[in-house]
Protein chains: 4
Amino acid sequence: MTLQKDLATLTDLAVEAKDMAVERTGGEISGVSVEEKQVENAEITRIEVLNQQAAQKIGKPQGSYITIESDSLRTTNRQVHEQLSGVVAEQMNSLINYSRLATSPTESPVILVIGLGNWNTTPDALGPRVVHHLLVTRHIYGSADPQAKQGLRSVCALAPGVLGLTGIETAEIIKGVVDRVKPDLIIAVDALAAQESNRLASTIQISNTGIYPGSGLGKKRIGITQQDMGVPVIAMGIPTVINSVHIVNDTMKQIQNNQDLPPQSRNVLQQTNQEELIQQVLQPFMGDLIVAPKGIDQLIRDTSRVVSGGINIALHPDIKTENVSMYLQ
Amino acid sequence: MTLQKDLATLTDLAVEAKDMAVERTGGEISGVSVEEKQVENAEITRIEVLNQQAAQKIGKPQGSYITIESDSLRTTNRQVHEQLSGVVAEQMNSLINYSRLATSPTESPVILVIGLGNWNTTPDALGPRVVHHLLVTRHIYGSADPQAKQGLRSVCALAPGVLGLTGIETAEIIKGVVDRVKPDLIIAVDALAAQESNRLASTIQISNTGIYPGSGLGKKRIGITQQDMGVPVIAMGIPTVINSVHIVNDTMKQIQNNQDLPPQSRNVLQQTNQEELIQQVLQPFMGDLIVAPKGIDQLIRDTSRVVSGGINIALHPDIKTENVSMYLQ
Amino acid sequence: MTLQKDLATLTDLAVEAKDMAVERTGGEISGVSVEEKQVENAEITRIEVLNQQAAQKIGKPQGSYITIESDSLRTTNRQVHEQLSGVVAEQMNSLINYSRLATSPTESPVILVIGLGNWNTTPDALGPRVVHHLLVTRHIYGSADPQAKQGLRSVCALAPGVLGLTGIETAEIIKGVVDRVKPDLIIAVDALAAQESNRLASTIQISNTGIYPGSGLGKKRIGITQQDMGVPVIAMGIPTVINSVHIVNDTMKQIQNNQDLPPQSRNVLQQTNQEELIQQVLQPFMGDLIVAPKGIDQLIRDTSRVVSGGINIALHPDIKTENVSMYLQ
Amino acid sequence: MTLQKDLATLTDLAVEAKDMAVERTGGEISGVSVEEKQVENAEITRIEVLNQQAAQKIGKPQGSYITIESDSLRTTNRQVHEQLSGVVAEQMNSLINYSRLATSPTESPVILVIGLGNWNTTPDALGPRVVHHLLVTRHIYGSADPQAKQGLRSVCALAPGVLGLTGIETAEIIKGVVDRVKPDLIIAVDALAAQESNRLASTIQISNTGIYPGSGLGKKRIGITQQDMGVPVIAMGIPTVINSVHIVNDTMKQIQNNQDLPPQSRNVLQQTNQEELIQQVLQPFMGDLIVAPKGIDQLIRDTSRVVSGGINIALHPDIKTENVSMYLQ
């Protein structure tokens with residue numbers, strides 16, 4: 001059943017990949033620690049993938065993954081969303097060691113925020129929208145007035161577009177800019193794919209493992225990772241779509257779990273050729289059939305502001321949760 | 001199995017509703033005639049629903065439904081798309097009797113094109129986009145210069161928005177405008193929902209039965225129909241989404257059709273509570289989970305030009321297939 | 001000097017029209033009362049045009065014109081903008097007598113907000129943007145739950161587009177909708193043209209005199225006025241452009257005022273053919289050359305939220321200045 | 001009169017800068033050659049700035065400047081626009097020596113197209129729009145199929161945004177990408193500022209001198225020039241705005257030229273403090289007051305397609321003038 005493993009690659013969420021691995025192997029996964037806690041309006045899960053073996057088992061690189069889950073993300077309510085921006089900022093900062101970033105204590109570290117994805121495709125526009133709302137300051141750092149930069153770190157941002165529009169691997173563009181700007185930290189924001197529909201627009205994932213944008217050309221690609229970029233990378237994302245393959249697969253699993261079925265038929269079902277089944281249901285688009293909520297435009301509008309707000313609060317000491325809306329462009 | 005019938009209401013395509021009725025009843029449906037023919041780059045199906053009984057059986061009002069199917073709609077190729085605009089125009093005009101429309105032979109009939117749907121939601125933006133590309137002429141008909149209107153009919157257009165944004169039933173807005181403008185014909189364009197993914201962005205439906213925009217408030221609603229508007233209505237649309245409920249349902253049907261299953265298990269499967277199954281897979285969004293191709297933005301951009309082109313050629317005698325692109329705004 | 005009078009028609013602001021009339025006639029204008037006051041962050045001027053003679057002199061219909069001037073409108077600062085929404089609401093409500101609107105004291109009056117202008121042209125998009133942000137409620141008034149509508153009046157909204165895109169006079173569309181929806185009050189929002197650049201994006205005008213959208217076809221047109229619509233009309237707008245003709249004219253006036261010029265040359269200048277001068281500078285676009293600030297996109301984004309907020313606070317008793325941002329879509 | 005010289009910097013067009021220099025100095029400018037010819041639908045001017053002295057006199061760097069002028073650019077007519085794309089391609093290619101670009105005769109040179117300017121500000125969106133329409137191919141050059149790239153050169157593209165949104169000098173971003181992608185040629189497209197309104201949206205300038213995007217931070221900046229980028233740079237642009245300062249200035253010049261004025265008053269006028277005059281007319285926006293035609297959105301839509309088409313024809317041998325529309329995205 002190699003498809004099961006392929007399906008795991010169709011989720012960008014470590015929390016789902018971990019659950020799928022548990023289901024496959026039928027038990028705990030050594031080398032993976034999970035910690036959960038409840039805060040106002042949100043549930044936070046922190047998964048640590050502690051070694052390479054664990055990473056291979058769940059199909060996600062070694063590192064820390066924080067998941068903030070909140071149904072309130074789906075409801076337009078600025079006050080709750082401001083508070084969630086505060087939660088995002090706090091969780092982000094738990095993965096960043098600012099004192100190590102800057103080369104000298106008197107110098108502000110330079111932070112480069114990357115908005116991955118495509119402006120013109122709503123469910124993929126989270127990254128560019130976040131960049132659009134950010135408080136960008138690096139260009140005022142060169143100016144004479146020390147007051148203008150007081151309480152603000154040096155932040156710059158880029159929405160590099162997608163391979164199909166630029167003809168250039170996104171990570172290549174970023175690596176080029178990183179070599180010029182020499183940031184001390186990269187924050188990469190992207191729309192994610194989930195496996196389960198109840199995660200859509202209700203989950204924010206923050207990790208320190210980097211991210212590989214889009215799909216490659218077969219040849220060895222570079223990623224937006226500390227290894228390839230030379231500086232720490234924080235990746236943030238919100239699932240905005242699920243692949244329709246999951247809907248077919250989940251339906252099949254539900255049917256297999258029907259307790260009224262005679263055992264021999266369950267064997268038959270387990271031997272079903274999943275790929276053929278998926279092909280019958282989803283052709284001609286197959287994996288290119290994307291499932292999103294009806295109100296995706298409003299959801300992207302709202303969640304991009306929560307993430308921008310979170311980044312603004314985390315990076316700029318003078319921006320507080322209670323006044324974060326004032327700084328959103 | 002009332003859900004089966006509900007599923008039928010989730011497709012806007014008469015050709016699919018007819019197929020589903022055939023499958024349910026297991027044979028021909030009296031009162032429904034079907035005619036198919038092949039033209040360059042497209043296959044045309046004309047379904048006539050001849051009486052009320054037939055209308056109830058397939059769940060679509062009495063009238064004529066033309067389906068133009070072409071995989072070329074999905075590929076950006078202006079030359080083929082111009083030719084398809086010509087096909088659309090020809091099929092449209094087979095449903096319009098211009099000589100009956102105008103009150104006098106020397107007077108141009110006034111045609112009102114309605115672009116239903118929501119500008120800000122890509123898969124729902126077909127109607128407003130079509131209106132945006134149209135050659136609108138009614139306002140130059142009042143002017144002195146008879147040359148300006150030579151070879152052009154009097155066309156006006158409106159994209160009224162959606163209930164959630166206006167607070168007004170869309171058909172109410174249109175009825176109000178119709179009472180003032182007094183058109184001789186209404187053409188209503190909308191994005192449609194299909195049952196099968198292979199219809200997405202590859203099918204154009206044209207009918208003379210009108211259309212009911214969006215979902216109502218429970219109270220008796222008015223439609224964009226000849227009965228409610230007082231003038232003939234041509235409805236045109238292209239399926240841009242399928243409801244994810246269909247994916248669950250199609251998967252179940254494929255599994256039930258597995259010939260290797262022992263007969264008794266097939267009985268169990270047939271007794272499966274479909275609604276519960278759908279709920280397990282699709283909560284919390286349920287019917288609000290919409291499936292669309294990855295490249296929906298480009299598909300909407302291309303198909304809206306094909307439809308606008310078709311309407312321009314059909315309505316304005318001076319616009320020919322070979323020069324239609326020149327007149328698209 | 002008929003051009004001077006034509007120039008007066010190129011401003012939509014009563015406060016400028018009044019100043020130009022004072023300058024032309026060299027003194028007070030009888031039948032026009034002016035009252036000024038200062039509030040936090042804004043200066044408010046209320047002009048009453050008391051009779052037809054006064055109306056003709058200043059080229060604006062008889063009625064009340066409130067101008068809210070605030071440089072803070074031009075600076076993105078949500079807290080100040082919320083406070084300005086409160087000022088807008090208060091001034092709006094000084095022109096509305098709600099108790100007279102509703103047919104019965106237990107019934108909510110129905111209010112129709114019209115967003116005039118063109119979505120796709122930034123400086124003309126104020127009206128459609130305001131409509132986009134509004135809290136629209138009329139469609140939930142039909143539902144059973146009395147709680148849902150508690151503290152909210154029945155508001156609906158329409159962005160009818162512009163003549164060039166629809167082929168229908170905008171006021172005709174609105175009159176049609178008014179005849180169906182039967183509102184008790186119309187609020188029409190539009191981008192305005194000013195004479196002086198320092199008014200751009202810093203002035204909000206509110207009047208009870210209605211508005212004539214766009215330019216006509218020569219034949220007698222209907223307006224969005226109480227006379228033509230049959231219900232009271234509040235018109236609101238913000239100047240977003242000046243006509244470049246004003247720049248030519250202002251330059252000429254400044255030169256004429258040069259005290260160093262010998263008297264005889266001033267006579268020569270006063271006899272200058274203004275139209276020829278304008279033609280020499282502005283051809284081939286002439287009056288179609290529009291002057292707007294560089295940051296017009298951000299200005300429209302900000303000011304449309306201030307106006308939407310003001311309308312939301314004015315119309316819905318449960319929306320207060322301190323929570324208005326929560327209700328902006 | 002230093003302002004006169006400053007005004008020269010407010011035009012991006014060499015043809016205007018040359019005319020202003022001729023007017024200032026009252027005669028031919030040595031080191032500048034001008035050649036004019038007429039083609040179908042357009043007039044072509046080629047200015048060669050032959051040495052540093054000439055460059056300083058007209059305020060434009062040494063190199064070749066081609067101006068294509070056509071009023072037809074302002075009228076939506078796809079056939080004429082396709083033909084103009086052909087003219088653009090021919091003129092572009094007169095500045096490119098392909099055989100020198102590629103490192104080997106069997107290898108395709110890699111061409112990087114840069115779309116300068118801001119997506120979200122209509123008059124500044126020319127560059128990003130051109131990039132959006134381009135046929136980008138570099139990413140398919142890595143694939144196995146030699147047929148896919150037959151007749152196409154390797155083209156990639158980037159719309160880097162503007163300093164205010166990214167916090168990074170645009171030329172820095174490009175230099176970083178150039179260092180990674182190692183293109184053999186850069187084509188940089190930008191919206192330009194003109195001095196005279198009759199140039200707006202009717203002129204295409206192509207030069208081999210590079211371009212300096214936006215305004216700098218005071219410190220020494222890098223440009224998109226052969227010197228800074230290390231590869232040849234073709235700059236292309238269309239004037240979409242004029243600075244309102246020109247309107248004030250042109251008005252003043254017209255008045256000064258009035259033959260009826262007594263000579264002594266002309267002296268007074270010539271001593272007028274221009275800056276003060278400009279301040280009186282244009283405060284508080286001053287140089288940030290931008291003049292654009294009413295229909296700028298449609299003009300940008302049309303002209304961006306003409307330029308994209310021109311680049312597609314010039315770069316890809318298999319794209320011909322007669323089928324260029326087919327390849328516009």
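Accessible areas in this passage come from the Shrake-Rupley method with a 1.4 Å probe, and for residues only the protein chains shown count as cover. On that basis, chain A has an accessible surface of about 13200 Å², and 46% of it belongs to carbon and sulfur atoms. The model is a predicted one, in which local features need pLDDT of at least 70 and side-chain atom pairs count only at pLDDT 80 or more, while totals for chains, interfaces and linings use all residues. Residues are numbered from 1 along each chain as its sequence is written, chains are lettered from A and ligands numbered from 1 in the order in which they are written, and side-chain values use heavy atoms, with hydrogens and water left out.

Chain A holds 14 helices and 9 strands; both are DSSP runs numbered from the N terminus, with helices being H or I of at least four residues and strands E of at least two. Along the principal axes, the C-alpha atoms of chain A fill a box of roughly 80 × 45 × 40 Å. Of the 329 residues in chain A, 60% are buried, where buried means under 20% relative accessible area, exposed means over 50%, and partly exposed lies in between (1.4 Å probe, protein chains only). Contacts, defined by heavy atoms within 4.5 Å, also tell something about the chain: among those in chain A with a separation of 6 or more, 71% are between residues 24 or more positions apart.

The next topic is how the copies are arranged. Two copies of a chain are related by a rotation about an axis and a shift along it. For chain A and chain B, a turn of 180 degrees and a shift of 0.0 Å along the axis give an RMSD of 0.0 Å, which is the relation of a two-fold axis; the superposition is by least squares on the C-alpha atoms of residues with pLDDT of at least 70 in both copies. Val291(A) is the residue of chain A that comes closest to this axis, with its C-alpha at 2.2 Å. Chain D is superposed on chain C by a rotation of 180 degrees with 0.0 Å of shift, at an RMSD of 0.1 Å. In chain D the C-alpha nearest the axis is that of Val291(D), at 2.2 Å.

The size of an interface is often given as the accessible area lost when the parts come together. Here, buried area is the accessible area (1.4 Å probe) that two parts lose on being put together, summed over both. Chain A and chain B bury about 3500 Å² between them, with 67% on carbon and sulfur atoms. In chain A, the residues losing the most area to chain B are Ile255(A), Phe285(A) and Lys294(A), together 15% of what that side buries. This contact brings 40 residues of chain A against 40 residues of chain B. Because 100% of the interface residues of chain A are also interface residues in chain B, the copies meet through the same surface. Between chain D and chain C, the contact takes 40 residues from each of the two chains.

With a relative accessible area of 4%, Pro293(A) is buried. Leaving aside residues up to four places away in sequence, Pro293(A) touches Leu200(A), Thr240(A) and Leu299(A), as well as Phe285(B), Asp288(B) and Leu289(B).

In helix H12 (residues 263-270) of chain C, Ser265(C), Val268(C) and Leu269(C) are buried. Seen down the axis of H12(C), these buried residues fall within an arc of 100 degrees, so they line one face of the helix (the arc is that of the directions from the helix axis to the C-beta atoms). Their cover includes helix H11 (244-256) of chain C, together with helix H11 (244-256) and helix H12 (263-270) of chain D.

Some backbone details complete the account. Lys182(C) has a positive phi of about 50 degrees although it is not a glycine, and at 60% relative accessibility Lys182(C) counts as exposed. A cis peptide bond joins Gln283(D) and Pro284(D), with omega at about 5 degrees, and Pro284(D) lies in the loop between helix H13 (274-282) and strand S9 (289-293) of chain D.
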